[in-house]
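Here's a quick look around a protein model, written for someone meeting it for the first time. Have the sequence and the 3D view ready.

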Amino acid sequence: MQRFSCPFCGPRDETEFFYGGEAGNERPEPAENISPVRWAQYLHMEKNEKGRAREIWVHLTCGEFFVMERDTVTHEIFKTEAFHGERT
Amino acid sequence: MTARRLDSTSEQSSAESLSFTFDGRTLKGRAGDTVASALLANGVRILGRSFKYHRPRGLWGAGAEEPNAIVDITYAGQRTPNSRATAIALQDGMEVRSVNTSPDAEKDRYGLLDRFSQFLPAGFYYKTFLWPDWHLFEPRIRAMAGLGHLDPATQPEADCPQRSAHCDLLVIGAGPAGLAAARAAAQEGRDVLLADEQDQPGGSLLHRGGVIEGQPAGQWISESLELLDGHGATRLASTTAYGIYDHNLVCLWERRRGQPDRLWRVRPQQIVIATGAIERPLVFNNNDRPGVMSADSALLYLRRHDILVGQKIVIATNNDTAYPVASALAEAGAEVVLADLRPEAQAALPDNVEVRMETSVQAVEGKASVEGVLLNGQRHEADCLLVAGGFTPSVHLHCQAKGRLHYREDILAFVPDEPVAGTSVTGAANGAFDLASVLEQGHAVGSTKGNAPQASECLSSYGIQPAWPNPKAQGRQWIDFQNDVTVKDVALAARENYRSVEHLKRYTTLGMATDQGKTSNMNGLAAMAAISGRTIPEVGTTTYRPPYVPVPLPVIAGRRRGELFSPMRRLVLENEHRAADAAFREYGPWLRPAFYGKGKPEDEIQREARQARQTVGLFDGSPLGKVEVMGPDAAALMDFNSYNTLSTLKPGRVRYGFMLNEDGVVYDDGVVLRLAEDHFIVSCSSGHVPGVVMRLEEWRQDRFDPARVVIHNSTPQWATLTTTGPRARDLIAALGLDLDLSDEARPHMSFANARYQGTPIRVARVSFTGDRSYEISIPASRAKELWAHMRKEGDKLEATLLGTEGLMILRAEKGFIVAGKDTDGYTLPMDLGMSGPRKKRTGEYVGKRSLFTEEAERSDRPALVGLTVDDDTPLATGAHAVEDGPKGLRSLGFVTSSYWSPTLERPIALALVDSGRQRIGETIEIYHLGTRQRAKVTSPCAFDPEGERLYA
């Protein structure tokens, strides 16, 4: 059982969290100007990094989304940070 | 082997107070016995038959590593299969049954399988039973193989508690290293948790003894425990640390006398792995015979259980640890020959023991027991052969924590490399086999201060020489006792190129039994190394995974069963519904009335649906979503989140629409109420409330200014009570709400705030039935009074209570969908006939781009349609619409909902059918379980297509 640190609540068991996708996957807009390929990339093409990865997670019990940097191989957590409006 | 209890004089035999059975025979044991020691004391030699060849097997060891003494235990009405006899404390009244034997261990009818062993090599079953079909042979083969038997009548209670704990230092193993570490840390004021697998702490000190700080080992143990208790340490006996998981979570399995087992989840600051080492066998012809035992275990049975394992004992060794064993057994009255394959030993030569240097064992004679031992080619009569093949450090937990190993030639063992962060490995688990270094290492991981306890009068030499399996030797040499793997099987694997250690394991099943190769892996690696011309470190080890020992599933499941597995959500009016004979069913997490009444379910459901159309139905819709979206940016968020524009909705009004996923697929449908310019309520489907809250939060936090819009889920705070039908308005009017209910003031798709006896309520005129309907939302704490009032007024109007099943018929008559039932993971809003927003909306909204892909613009997309049939048989839900194609039947879609309509007096159905709208008026074929039925495609709405009843 991994332990993640919610930027608002502190360390909690991983079962309280839900994965929200890779960070930095900006939503391409406006729809009228977006090619099907670009849209498909946004929807489906995950980088799936081996090693250090930057991800969006949500702490289900407090409802806050945040950014977590962790190692997908060793499961080491480097940092977690709140995001405030900026699209990470 | 003629094992016996040493002090079984008439006075002592009264100590044998526990009565138990083994394969039906009644035997006696004493308090403090394990099942294994009790069987040994009774002279029982054959404890079971081996997995594959049904060879007789006896006790090998005394701990968690035991490969042979696997038994089914029935106690207090519960049968636990495949228990290790060495790890189970004997209880009065236990029934012990040997495994893989019929009728019993002594007389096993499959024993003759062993004669065909040369025809049953590794991979035999894989290679042989291919034709015509493995499944033809499987039942017989499975019946002959395998170990214990489950008792279908045994239903373990879900009563194992689980505890979470934190501590500064978790010490695993209360042997000399663990005790030294725990003492040192506790004296520094650190919070210590000490867990040990045995029922009493001390580990190897309990039988190997020694003098520590001038005191006999036993006294030092007691003093250490007192010291730990004085510092408030937590001590757990009979507790196995069976796994280290991510971020150093350690799971402990605690066995308690007279109470259910307990699971501990421990998050320590630091983990001390002081798990000791396990003695491994020597490999020679017939080295699996009952009576061949671990020398260290024989000493344990002598010192802790007063059992002498034999009278004429041969001890075979390649190291010094056998010398104290020989000495102790001779002192206890046995005739002992010590066969040491080395030219010389450093250990003191024991008295009364015949020591033969440069002597090794080639074979054991005897079938059901040891009758003789071949020493350097000469037969020597013996009733017991003890082997001391050296110790293998228990590095399992270190490796589970992703620690690495390296091979030490001086002790012929893999030991931990650098410890993993937050852990330390100490003592024998770290390759230290003499008491002085063990204490020193243990102390050092517990504290940097003070001096380690000093040891004296103990064995300080090891001097191990290789005695690995010899692939060229004659006869059958067993490596894995529990899975019946011999040196020949390893050679076969090498010949067939299964040389990688992971392939070797899976091809021969070496190390795959319930003991996970604790005694066999090293010999297996060494055999493979010798056969393939590599060194042992080149062969390497297999991956260590939790659990270290088999852990009963009830311990892991804990109390999470039934309602505690997935907590039920209950209606505030549940008792009222029960009093009205509601039949409850689970709808997602909610327990809701499916229908009311004691008649046949179909009849009651039909009655409710019919009567609700004729008079008025009362429905408890409380789980319906009430998600509030508030703030200056609320309208913008609502627009972005929804397929339909909501910023144009006027306060006091209600609008129906969809929410899409980013892939354009319909996620949910429902209505939205606008309370004020900056305040909306999303009335999503009951099952989608958590998901809708989460997606609103995600966009709020990722796209909007979170200070300008907030989400609040008020679903559980409000009960929602619905009336539907021609007399719905009469019923609401009778409640005295001081509310204008005229169609002008209160049209369809509007709502108003009002008061019911002083309590604020919300009355919304929306309809999921096509009939005039009013939903009253009231704070849950006041729902009871309102419901009772509605029931009373309803009685005067011939109202019916309406369960969820009846409501499903009413909505299907109107062609109203249930998202997820009448839609699937491909359904776009246009497929459901809602194309307006796609054409008209200019701004961004979730899923927009996906509605303009090639796929979305296909002209033959599926559409929601209705189906009618000529006869009175409703279509099966899930049945496929089909057409004949060049390759046989082709599916055009499927039936999503199907009911008998009591109002229309005919079957109705909804379906998703390719090019559905173009097919309206056509007849298509519906295929279900081999039968075909014809159905006419219609519009989804089968009842009141003009919508006149909304104002009737």
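Which residue in β5(A) is the bridge partner of A:A53? It's A:R70. Keep in mind as you read on that this is a predicted model.

## Around strand β4 in chain A

The strand β4(A) covers residues 52-59, and it's mostly tucked away: six of its eight residues are buried. On one side of the pairing story is strand β3 (residues 17-22) of chain A, which runs antiparallel to β4(A) and is joined to it by five bridges. In that pairing, A:E22 sits opposite A:E55 of β4(A).

Then there's strand β5 of chain A, residues 64-71, which also pairs with β4(A) in the antiparallel sense, this time over eight bridges. The two strands β4(A) and β5(A) make a hairpin with four residues between them, and A:G63 there takes a positive phi near 80 degrees.

## Chain B as a whole

Along the principal axes, its C-alpha atoms fill a box of roughly 115 × 70 × 55 Å.

Of the 952 residues in chain B, 57% count as buried. Look at contacts between residues at least 6 apart in sequence, and 65% of them join residues at least 24 apart.

## The surface and charges of chain B

Chain B exposes about 39200 Å², with carbon and sulfur atoms supplying 50% of that. As for charge, chain B carries 107 positive and 118 negative side chains, and the centres of these two sets are 4 Å apart.

Notes:
Residues are numbered from 1 along each chain as its sequence is written. Chains are lettered from A and ligands numbered from 1 in the order in which they are written. Side-chain values use heavy atoms; hydrogens and water are left out. Buried means under 20% relative accessible area, exposed over 50%, partly exposed in between (1.4 Å probe, protein chains only). Contact means heavy atoms within 4.5 Å. Accessible areas come from the Shrake-Rupley method with a 1.4 Å probe; for residues, only the protein chains shown count as cover. Lys and Arg count as positive and Asp and Glu as negative; His and the chain ends are not counted. The place of a charge is taken as NZ of Lys, CZ of Arg, CG of Asp or CD of Glu. Two strands pair if DSSP finds at least two bridges between them.
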